[in-house]
Amino acid sequence: MTDPAQVEIRRLPPGEVREQLDALAAVLHDCVAGGASVGYLWPFSPGDARAAFQVWAADVEQERRLIVAAFAGGALVGTVQVVLWVPPNQPHRGEIAKLLVHRSARGRGVAQLLMERAEAEARAEGRTLLVLDAVTGGAAARLYARLGWTTVGVIPNYALYPDGRPCDTTVFWKAL
Ligand SMILES: CC(C)(COP(=O)(O)OP(=O)(O)OC[C@H]1O[C@@H](n2cnc3c(N)ncnc32)[C@H](O)[C@@H]1OP(=O)(O)O)[C@@H](O)C(=O)NCCC(=O)NCCS
C-alpha cells in the first residue's frame, strides 16, 4: 500500500469543492477517457465533467452529499462521494458514488484510502449502512470485496462503457 504519509486524504468543505472544481473534473474526465463506466458516454469533454461537479458542489452545499479527495504531492489525484440524501424512512443509510483515481496515480492504494475515509465520514454523519454498485469483475469490485463489502448480486447489462459496450453491475452493501 502507499505510505499514508505521502497521500493526504481529506473531506472537502463546500468552498473547497468549488475551488477544486477543475481538478476534480480533470480526474473524472481522465477516468471516462480511460474507458471507465461511471455514468457517461464518449464524447465527454472537460466541460461536461466540470458541469457534473458543479451539480455535486451544490449538493455538498445543501448537505445532500459529501466529497472526499486524495492529494499526492499537492495535486488532487482521486476522489469519492457519499450521497447523504435518502428518503425519510432510511435515515441510517448512505450511498458511495464516483470513486475515481487518475490513471497516473493508480495501483498505489489511493482508492483504498479514499474508501476508508468515506466510510469514516459516513459513520460520522450517523450512517450505519452503505450501498454501492460497480462493474462486475473490475478493479473497484475487487477493492470493495477486500474492504469487507458484501455482494448482493449481479445485474446483467446494467450499464454501458463510454464506447457503448454493455457491462454487468455488481451491487454491494456494508454495515458500519
Ligand atoms: C477502481 C479505481 C478507483 C481503483 O483505484 P486505485 O487507486 O488504483 O486502487 P488501489 O490502488 O487501492 O487498488 C488497485 C490495485 O492496486 C493494488 N495495489 C495497491 N497498492 C499497491 C502497491 N503499493 N503496490 C502494488 N499494488 C498495489 C491493489 O491490490 C489493487 O490490485 P487489484 O486490482 O489486483 O485488486 C481506479 O481504477 C479507477 O478510478 N477506475 C476508474 C473509475 C472507476 O471505475 N471507479 C469505480 C466506480 S464503482
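Why are F53 and W56 separated by about one helical turn?

Tutor: Keep in mind that this is a predicted model. Your two residues both belong to helix α3, which runs over residues 46-61. F53 and W56 are three residues apart in that helix, so about one helical turn separates them.

Now for the rings themselves. A pair of aromatic rings is described by the distance of the centres and the angle of the planes. A search of the whole structure turns up four aromatic pairs. For F53 and W56, the ring centres are 4.8 Å apart and the planes stand at 90°, so this pair counts as edge-to-face. The cut-off for that label is an angle over 60 degrees.

Next, look at the loops on either side of α3. Most residues other than glycine have a negative phi, and most peptide bonds are trans. In the loop between α2 (21-33) and α3 you'll find P43. The peptide bond joining W42 to P43 is cis, with omega at about 5°. Then there's E63, in the loop between α3 and β2 (65-72). E63 isn't a glycine, yet its phi is positive, near 60°.

From there, move on to the ligand. The space it takes is the largest pocket. Around the ligand sit 20 residues, and the closest are L99, V101, G107, G109 and R146. By type, that shell splits into 12 nonpolar, three polar and five charged residues. β4 (93-101), α4 (110-124), β5 (129-135) and α5 (139-146) each put at least two residues into the shell. The largest share is from α5, with four residues.

R146 has a polar side-chain atom 2.7 Å from an oxygen atom of the ligand. For R142, a polar side-chain atom is 2.9 Å from a ligand oxygen. G109 uses its backbone instead: a polar backbone atom there is 2.7 Å from an oxygen atom of the ligand. As for cover, the ligand taken alone exposes 940 Å², and the protein buries 72% of that.

Terms used:
Residues numbered from 1 in each chain as written. Predicted model: local features only at pLDDT ≥ 70, side-chain atom pairs only at ≥ 80, totals over all residues. Heavy atoms only, no water. Near = heavy atom within 4 Å. Polar contact = N/O pair within 3.5 Å; in protein donor to acceptor, adjacent residues only side chain to side chain. Areas by Shrake-Rupley, 256 points an atom, 1.4 Å probe, with all protein chains shown as cover. 1 Å grid on protein atoms, 1.4 Å probe; cavity = no way out; pocket = protein on both sides within 12 Å on 5 of 7 lines; lining within 4 Å. Sits in = over half its atoms within 2 Å of the grid points. Nonpolar A, V, L, I, M, F, W, Y, C, P; charged D, E, K, R; others polar. Phe/Tyr/Trp six-rings, centres within 6.5 Å; stacked < 30°, edge-to-face > 60°.
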